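Here are my notes on this one, jotted down as I went through it. Have a look at the model first, then read on.

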Amino acid sequence: MASDDRPLGERVHDPRVLRALAHPARNRILTELSASGPLRAADIARELDIPANQASFHLRQLAKYGLVEEAPDEARDKRDRVWRLTSERGFTVDFSEIEEAPGGKAAVSVFRRTAMAWAQVVVERAYSPRREADIFRSVTDQPLKLTKHEAKQLAEELDEVLQRWSAKTRGRDAARRTYLLFQILQPYPEDAQGPEPRD
């Protein structure tokens, strides 16, 4: 999910939808659907290690807010429920637009708190000294001199690469696991001096 002004996928306008995106389990379900393509509740339950009825409940809630839908063409029969994202390219959030809607400021606040907590988990895991032999990790911290226009162009080019890889690897394959690419492109924080070194 993007949270800037690039046209990447379906735009989120409703604060209630933003609250659904802020829910950790539902956000993880959206992540799996994005990486794998259409899935059943049982598949999601197995990936997230949650009960199947809990996965089904979250899927119904996501469908209620228009984030997922049933994929009948993927089903084995009429009783088989398979789910997919309503927007293959994900969702884009414009915080300033949502804040102007009723309940918007509270929804944005909840989303930001959840997103910052999640970002902390991601960064801590990326810098963890624990290394597993079958997992690849990479952290890039690359300063660039850019205009605002060039920064947007770079982001669009990176997105094209990601979309190609997403299309190439989407599906269920036992040899693959879901990787997360977490990137931020922004002006260097003016007040960031970095942590004091420890002796």
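**Notes on the model**

1. Let me start with a charge on a ring: R112 lies over the face of F95, 4.7 Å from the ring centre. The rule here wants CZ of Arg or NZ of Lys within 6 Å of the ring centre and within 35 degrees of the ring normal. K168 also has its charged end over a ring, that of W165, at 3.7 Å from the centre.

2. A word on the basis. This is a predicted model, where local features need pLDDT of at least 70, side-chain atom pairs count only at pLDDT 80 or more, and totals for chains, interfaces and linings use all residues. Numbering runs from 1 along each chain as its sequence is written, and side-chain values use heavy atoms, with hydrogens and water left out.

3. Back to F95: it forms a tilted aromatic pair with F111, 5.6 Å centre to centre with 50° between the planes. (Phe, Tyr and Trp rings, six-membered for Trp, pair if their centres lie within 6.5 Å; under 30 degrees is stacked, over 60 edge-to-face, the rest tilted.) F95 sits in helix α5 (residues 95-99) and F111 in helix α6 (residues 104-126), so the pair ties together parts 16 residues apart in sequence. Helices are DSSP runs of H or I with at least four residues, strands are E runs of at least two, and both are numbered from the N terminus. F95 and F111 are both buried, meaning under 20% relative accessible area, with exposed being over 50% and partly exposed in between (1.4 Å probe, protein chains only).

4. Which residues of α2 are buried? They are A25, R26, I29, L30, E32, L33 and S36. These cover an arc of only 160° around the axis, which puts them on the same side of α2; the arc is taken from the directions from the helix axis to the C-beta atoms. Just after α2, G37 takes a positive phi of about 90°.

5. The largest nonpolar core has 29 residues, and L18, L21, L33, I44, L59, L67 and V68 touch the most other members. Such a core is a set of buried Ala, Val, Leu, Ile, Met, Phe, Trp, Tyr and Cys residues joined through side-chain atoms within 4.5 Å. α1 gives the most to this core, with 5 residues. Leaving aside residues up to four places away in sequence, L18 touches V12, V93, F95, I98, A107, V108 and F111 (contact is heavy atoms within 4.5 Å).

6. D49 is in the loop between α3 and α4, and counts as exposed at 72% relative accessibility.
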